[in-house]
Amino acid sequence: MESERDKIFVTQSSMPPYEEYIEAIKPLWDSRWLTNMGQYHKELEKRLKEYLKVPQLSLMVNGHLALELTIQAMGFPEGAEVITTPFTFISTTHAIVRNHLNPVFCDVKPEDGTIDETKIEDLVTEHTVAIVPVHVYGNVCNVEEIQRIADKYGLKVIYDAAHAFGVSYKGKGIGSYGDASVFSFHATKVFNTIEGGAVTFSDRKLYDKLYNLKNFGIRGEELVTEVGANAKMNEFCAVMGLCNLRHVDEAIAWRKAVCGKYEKQIREIPGMQMLGAKPETEQNYGYFPVLVEEDYPVSRDELYTRLREKGIYTRKYFYPVTADQACFKNKYRGIELEHARKLAEKVLVLPVYEELSDENVHYICDNISEMSF
């Protein structure tokens, strides 16, 4: 069996220099202010708002609660319908269901994995209150058409932008589209705070609602105005975010270089395809998904297993689609989701991170290529 150092994992957490982080957290030993929206929490909100080019931003303890509380803050009636995609991490669907709302699954476009905007309008009913699309792998949804539909029917649009930190479209930060966008700062993401997340939006009233929801509804020492949760980011995570934010452009540049090397080699391998990117988009290169087509000599699952035997850890991301997960007990199995299910059976995400060497990129591609002959 290969040693731990021989393994090539699908991702590796971005971290600042050790000394930089240690120096940055020293003041916490003097202040002892470790949580409850301290100095670094406030500073990170400010810096992220500038970096993401958004008017408003609220920090959260993680991306899932950011989405769950954003949906809750909208005040939708229990049992209402939310149109969303099944080709996403399970958190997206859970956030809808845990708000006692009904997910209505829309198929995706095979060329980029994002929600098929041409099929959304047919799913709108008198019970529909919102659309929750996902910028999959950082691929930008058709934000113009989604907004047109939302305006026509009076719907809210909440983007799951967990994969899209730093992505911009037509010169605008991706978090400035829709009524709100939700980001994840999990350790596996392009930008991380160890664990964390944020909501971006334009309506200042939403900031106050989210503040209440993430801090028990506390508005004073003796005043609780709403029933809320606890979703505050602590100061150690905020400091990690501030440190990582200084280096994130460099990290994205490294990832871009890695993806460029993959592209040159993968396009030469029969039976391998890549997803397309939307024009006028500045990517973050957080993921490198490939499609294992039928003319490739082995199945996607067999390729996954063989690569793992070579110490290359890829990911079937996302498989199965959320609508088919066991927790829903076949409730959505009968829904026609042709493209989403086909993508889920073909996609394999290859390792991408800043320190992935040229040698390892070639090693990965060589192993994929060897199986095609």
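Let's start inside the protein: a search of the whole structure turns up one cavity of 30 Å³ or more. Keep in mind as you look around that this is a predicted model. The largest cavity has a volume of about 50 Å³. Its lining is made up of Ala162, His163, Ala164, Phe165, Ser184, Lys189, Val190, Phe191, Asn284, Gly286 and Tyr287. Sorted by class, the lining of this cavity has six nonpolar, four polar and one charged residues.

Hold on to Ser184 and Lys189 from that lining, for they lead us to the next stop. Both belong to the residues that lie nearest the centre of the largest pocket, together with Phe89, Thr188 and Tyr317. This pocket holds about 530 Å³ of space, and 32 residues line it. The class count for the lining of the largest pocket is 14 nonpolar, 13 polar and five charged residues.

Now move to the second largest pocket, where about 320 Å³ of space lies. It is lined by 17 residues, and the closest to its centre are Asn139, Glu263, Leu275, Ala277 and Gln283. Helix α8 and strand β14 (288–292) each supply at least two residues of this lining. Nine of the lining residues are nonpolar, six are polar and two are charged.

On the α8 side, the contact is made by Val258, Lys261, Tyr262, Gln265 and Ile266, while α11 brings Asp358, Val361, His362, Ile364, Cys365 and Ile368. By class, that contact has seven nonpolar, two polar and two charged residues.

Helix α8 also meets α1 (residues 18–25): the axes of α1 and α8 come within 10 Å and cross at roughly 135°. That angle makes α1 oblique to α8. Here, too, you will find a right-handed crossing. Glu20, Tyr21, Ala24 and Ile25 of α1 touch Phe236, Val239, Met240, Cys243, Arg246 and His247 of α8. The residues of this contact divide into seven nonpolar, one polar and two charged.

From α4, the contact draws on Leu69, Thr70, Gln72 and Ala73, and from α7 on Leu206, Lys209, Leu210, Leu213 and Lys214. Counted by class, the contact of α4 with α7 has five nonpolar, two polar and two charged residues.

Note on methods
Residues numbered from 1 in each chain as written. Predicted model: local features only at pLDDT ≥ 70, side-chain atom pairs only at ≥ 80, totals over all residues. Heavy atoms only, no water. Contact = heavy atoms within 4.5 Å. Helix = DSSP H or I, 4+ residues; strand = E, 2+ residues; numbered from the N terminus. Nonpolar A, V, L, I, M, F, W, Y, C, P; charged D, E, K, R; others polar. 1 Å grid on protein atoms, 1.4 Å probe; cavity = no way out; pocket = protein on both sides within 12 Å on 5 of 7 lines; lining within 4 Å. Points joined across faces, edges and corners; volume = space filled by probe spheres on them. Axes fitted to C-alpha atoms, helices over the stretch in contact; angles between N-to-C directions. Parallel < 35°, antiparallel > 145°, perpendicular 65-115°, else oblique. Left-handed = near helix turned anticlockwise from the far one by under 90°.
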